[in-house]
Structure formats: C-alpha cells, structure tokens
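Please keep the viewer open as you read.

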Amino acid sequence: MSDLPLVGGKPALASINGEPLFLEEFDRVLQGLHGDMADNTQKRAIPHPSELLERLINAKLVLQEAHNIGLDELPEIKAAEKSFAEQTLRGMLYGFQVRNIRTADPKEVEKRYREAVKEVKVSSLLFAGEAEAKRLAEEVKAGGKFELLAAKRIAAGEAKGSAKGEYLKFSSLTPDVAKVVARMKNGEVSPPIRIGNQYSLLKLEGVRYPKDNAARKQAENAALQAKKTAALEAYAKGLRKKYARIDRKVLDQVDYEAEGASFDKFRADQRVVATVKGEKPLTVAALTAAIEKKFFHGAERAAERKKINRRKEQVLEDILDRQVALKEAKIQKLERTEFFRVKAEENRNGLLFGAFVQKVIASDVKVTEEELKSYYMEHAADYAYPEMARIDSLAFTDRTHAENAIGKLRSGADLQWLRANADGQADPAKVKNLLDLKGQMLELSGLPAGVKEAVLGAQPGEYRLYTDPAAAHYVLVLRERVPSRPIPLESVKSGIEKKVYNEKTQRVLRDWEGKLRKASEVKIFATGKKLDRIVNPGAR
C-alpha cells in the first residue's frame with residue numbers, strides 16, 4: 001500500500017518496539033476469522049479492524065515479553081516447535097506428490113459403489129441343530145422344492161424363518177453368512193451355516209444394486225483417497241530405497257518373543273539396525289523405544305502374547321519414512337518456502353503466548369469459594385432446571401368444536417372418550433404439522449409460543465384453548481406443572497470454576513497488556529477510516 005511505510009519491501013500497519021506488524025499478518029488473521037465464521041454454526045461478531053489491530057499489537061507485546069524472559073528457550077517449547085516443523089514439512093512433501101490426483105479410477109469407484117449398495121434377496125431358515133439343517137439341504141439337493149419344504153418345517157415348528165425371500169443389505173450380513181452368500185448363484189441353497197448355537201440355511205433368489213447418489217459420492221471419495229494413499233506408499237517406498245539401508249541380519253536377530261528375551265538388554269542395544277544417508281544411525285535401542293510406545297499395556301506383555309515381532313518391521317518402516325521424508329524435504333528446501341515460514345511462525349507464536357499465559361499469568365490466578373458463590377447467584381437463571389409441564393391435547397378443525405369439547409370436559413367428560421367420539425377433530429393425514437402433546441413431560445421453553453401463552457397461570461386440571469391459524473384449534477389439558485428450581489451449586493461448581501478462572505485470567509492478561517503497552521514504543525500507521533479503506537478489498 002502506497003500510504004503505509006514499507007519494511008523489507010512489505011507494508012506495515014504498526015511498529016511495536018521497532019518490530020513491524022505487517023499488513024499481511026493482519027490479513028491472515030482477518031481471513032481466518034471469516035473462515036471460522038463460515039465453518040461455525042454459532043455466528044460470532046467479527047471485530048472492527050481497529051479493534052483487531054489493537055489485539056494484534058497487544059499479542060505482539062506479550063510475545064516480545066515471552067521472548068525477553070526466555071520462554072522460547074524452554075525444552076517443551078523447542079520440542080513442540082520441532083515436532084510441528086517435521087509434521088508440516090512431511091505434509092508439504094506428500095501433498096505436492098498427490099496435488100495432481102483429482103479423479104479416481106472409474107473401475108475402482110464402480111467396484112466400491114456396488115459393494116456399498118449391493119442387496120441380496122434371500123429366504124432363510126434357522127434350525128436348533130445341524131442335523132435338521134443338513135436334512136433339508138439334502139432334500140433340496142435331491143430335487144425337492146425349497147419353498148415347500150421350508151414352509152413345512154416352519155409349520156411343524158422345526159425351524160424359524162420365512163420361505164419368502166426379502167432383500168437385505170449385503171453389508172448387513174454377518175461375516176460368516178456374507179462369505180457363503182458371496183459364492184452362491186441365484187437359486188442356489190447354501191450348506192448349513194453355524195450362527196451361535198444354531199444353524200441357518202439360505203436360498204439366494206436375487207442380487208440388485210439400487211441407485212444411491214450419496215453412496216456413489218462416498219465411493220468416489222474413498223476411491224480417490226485410496227489412489228492418493230497408494231501413490232504416497234509408492235513414493236515413500238522409493239525414498240526408503242533411495243536413502244535408507246536396513247541391516248537385515250541385525251533385524252532378524254532382534255527377537256522380542258524369544259524365551260528369556262530381556263527388554264532391558266534391547267533398550268541398551270546399540271547395534272545399528274538401519275541407516276539413512278547423512279543422518280544418525282538407528283539402533284536396536286531406538287527401535288525398541290519406538291515399539292514400546294505402540295503398546296499401551298507394555299511391550300513385555302505383547303511379547304508374551306506373540307504380538308510384537310510382527311510389528312517391528314512396520315515400526316521400523318514408519319521411523320524410516322519420517323526420516324527419509326524429512327531428508328527429501330530439506331533437499332528440496334521446503335523450510336525456506338513462504339508457506340512453511342508462515343505456518344512455523346504462527347505455531348511458534350501460539351506456543352509462546354500459551355506458555356506466557358500458563359507460566360506468568362495463570363499460575364497466580366486463584367478462584368475463591370466466595371467468587372464461585374457470587375457468580376452462581378449473579379447467573380442464577382443459567383443454573384436452574386427448566387419449568388416443565390405435562391400437557392394433553394386434542395386438535396379440532398374449528399374453534400366452535402374445540403370450545404364445545406372444553407365445555408364437556410369441564411362438565412365431567414373423559415378426555416379419552418372425547419378423543420374417540422368428539423366431532424370436528426383434525427385429521428393428521430390432512431393437516432400438516434399437527435401438534436400432539438400426548439401427556440408427555442416437556443420443557444415449557446421448547447413448546448410453541450402460543451402453547452406457553454395459553455397455559456400461562458393455569459393450574460393442573462385446567463383446560464385451555466390454543467389456536468394455531470396455520471394448523472388447528474387445540475384443547476389443552478394441563479396435567480402437571482413442575483416449576484423452575486435452582487440447580488445445586490455443588491452440581492455445577494466445576495463448570496463455574498472454569499468460567500470464573502478464565503474470566504480472571506483474561507482480566508489479568510489485559511492488565512499485563514496495559515502495563516507492557518505503557519512501557520513500550522508503539523506506532524500505528526493506519527487507524528479509523530484509513531484502516532477501513534486498507535482492509536476493504538475493493539479499495540485496494
């Protein structure tokens with residue numbers, strides 16, 4: 001922007017202790033807020049540009065203070081930065097490999113689609129024992145008609161089921177049944193299939209593939225993802241071949257399941273099991289540490305159950321895949337790209353800001369019992385059980401019939417008798433959105449406004465008229481009313497404590513920002529209408 005000072009060739013909106021706050025930083029945050037608005041069903045107000053600029057300036061002050069007190073040198077911060085950088089670089093490298101894969105193989109899509117929508121028409125019988133099922137199967141094989149024989153078995157109580165076939169989703173069949181049905185031809189009767197302690201006999205009568213647009217879309221997405229995954233697996237394999245070497249002799253000698261095998265020995269084993277060009281060799285000890293992380297209940301127990309040796313090769317490949325991907329990313333100098341620089345900077349700022357809040361601010365924030373009680377009392381409406389009511393209803397097509405029904409009820413008529421005999425009742429098949437409360441206990445706040453107004457002040461046993469011009473005229477019978485009442489403090493205490501804690505933390509943070517602002521040199525190059533004009537894309 002011509003009316004903003006340039007720092008390193010880039011326009012700056014402000015200077016904080018000599019450090020520029022660039023327009024591009026402001027733009028990224030603003031675009032992120034708009035993106036959150038698009039994705040979030042709970043709409044939040046976008047701050048005014050001047051307010052957002054103030055927030056960014058204050059954040060920059062906090063980050064500078066975090067740096068001054070050495071939070072960026074904390075081991076956990078450095079470890080988190082390293083982990084993020086590695087994940088981002090691998091993601092960039094892999095994303096570049098599949099960037100042009102935009103369509104799935106049509107044959108693979110069709111295969112997945114047919115698997116998803118496939119339906120089979122089967123008639124099935126369930127027998128208590130295998131002998132009875134075999135007997136029917138042999139009779140059919142000898143020329144008997146399955147439908148007639150099945151009907152006789154069902155009539156005699158010798159089997160359960162139906163001789164009449166019905167279509168079922170193939171995916172809904174149990175694995176054992178699906179395996180048998182998949183090999184059957186139309187008209188064929190299966191051998192006895194064990195299902196628990198019983199045996200089933202099936203006849204396949206047909207196969208169909210209904211049209212399902214949603215299932216086809218899912219098949220397209222799954223096939224596309226499978227195509228990308230296959231491409232990445234091939235790429236990773238190629239990188240391993242290019243950069244890595246596995247010592248098969250050493251790997252084969254590492255037997256975690258051998259009798260008397262000592263994990264303490266493996267944890268200290270410095271033999272090299274694999275190498276990546278130019279990188280630190282991978283030892284048996286490092287492989288063992290990675291394997292132990294895979295087993296929640298401990299590697300020793302997994303070894304006892306013969307589950308660990310078959311995983312060692314995959315764990316080794318995973319380690320090598322990470323190493324060779326990072327090596328290739330470095331060779332391609334991906335860490336020098338603007339995309340990586342921005343992502344790494346945003347992550348670093350987030351880590352530092354969070355560390356400052358936790359170590360400098362939050363550690364001194366305490367919530368007292370009096371503060372909890374005060375918040376609870378001030379927000380009593382938020383911590384109360386809703387008012388409930390049990391209401392019955394009858395719907396009529398006109399007001400006269402509804403009023404007549406109320407008169408009869410007040411004279412002692414039974415509601416159920418009226419439901420069965422009263423004239424002029426609305427037909428649910430003809431009237432859309434007909435209300436039927438059915439005497440259920442419901443929250444009053446969730447009922448239509450007209451219903452709430454109609455029963456306002458009513459006591460149990462009273463009858464009220466409610467007219468919905470778009471639907472019907474209703475007779476409402478208030479059966480029971482449960483007034484709103486406070487939720488005990490102990491039941492909501494933990495939630496209130498979090499809210500009070502967060503509010504106090506925010507206040508302390510604002511105080512810190514104010515102190516830092518007073519002690520700093522802050523220059524703002526665009527405010528008010530000028531900032532609005534800069535932020536407005538149409539004005540640029």
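## Ground rules

Buried means under 20% relative accessible area, exposed means over 50%, and partly exposed covers what lies in between (1.4 Å probe, protein chains only). Helices (H or I, at least four residues) and strands (E, at least two) are DSSP runs, numbered from the N terminus.

This is a predicted model, in which local features need pLDDT of at least 70 and side-chain atom pairs count only at pLDDT 80 or more, while totals for chains, interfaces and linings use all residues. Residues are numbered from 1 along each chain as its sequence is written, and side-chain values use heavy atoms, with hydrogens and water left out.

## Two long spans

Let us begin with Asp 436, which sits in the loop between H17 and E13. With a relative accessible area of 42%, Asp 436 is partly exposed. Between Asp 436 and Ile 331 there are 70 Å in space, C-alpha to C-alpha, and 105 residues in sequence.

Gly 407 is partly exposed at a relative accessible area of 33%.

Most residues other than glycine have a negative phi. Which way does phi go at Lys 333, which is not a glycine? Lys 333 has a positive phi of about 60 degrees. You will find Lys 333 in the loop between helix H13 (309–331) and helix H14 (338–361), and a relative accessible area of 44% makes it partly exposed.

Asn 433 is another such residue, with a positive phi near 55 degrees. Asn 433 belongs to the loop between helix H17 (415–421) and strand E13 (440–443). Its relative accessible area is 74%, so Asn 433 counts as exposed.

## Salt bridges

A salt bridge is a side-chain nitrogen of Lys or Arg within 4 Å of a carboxyl oxygen of Asp or Glu. How many salt bridges does a search of the whole structure find? The search finds 39. One of them pairs Lys 60 with Glu 19, whose closest N and O atoms are 3.6 Å apart. This pair links distant parts of the chain, since Lys 60 is in helix H2 (residues 49–68) and Glu 19 is in strand E3 (residues 19–22), 41 residues apart. Lys 60 is buried at 9% relative accessibility, whereas Glu 19 is partly exposed at 32%.

Glu 387 and Arg 481 form another salt bridge, with their closest N and O atoms 2.8 Å apart. Glu 387 lies in the loop between strand E11 (384–385) and strand E12 (388–396) and Arg 481 in strand E15 (residues 473–482), so this bridge ties together parts that are 94 residues apart in sequence. Glu 387 is partly exposed, with a relative accessible area of 30%, and Arg 481 is partly exposed at 24%. Elsewhere, salt bridges that share partners join Lys 10, Glu 24, Glu 338, Arg 341 and Glu 345 into one network. Within helix H14, Glu 338 and Arg 341 are 3 residues apart, about one turn of the helix, and the closest N and O atoms of their salt bridge are 2.5 Å apart.

## A positive patch

Patches are made of residues with over 30% relative accessible area and no salt bridge, with like charges joined within 9 Å; areas come from the Shrake-Rupley method with a 1.4 Å probe. Lys and Arg count as positive, and a charge is placed at NZ of Lys or CZ of Arg. Lys 293, Lys 294, Lys 307, Arg 310, Arg 311 and Arg 322 form a positive surface patch.

Helix H11 (284–294) and H13 each supply at least two of the patch residues, and the largest share, 3 residues, comes from H13. Lys 307 is in the loop between helix H12 (299–304) and H13, and its 38% relative accessibility makes it partly exposed.

## The two faces of H15

Which residues of helix H15 (residues 369–378) are buried? They are Leu 372, Tyr 375 and Tyr 376. These residues cover an arc of only 100 degrees around the axis, which puts them on the same side of H15; the arc is that of the directions from the helix axis to the C-beta atoms. The face of H15 turned away from the buried side carries the exposed residues Glu 370, Met 377 and Glu 378.

Note on methods
Patch = residues over 30% accessible without salt bridge, like charges linked within 9 Å, V, L, I, M, F, W, Y side chains within 5 Å.
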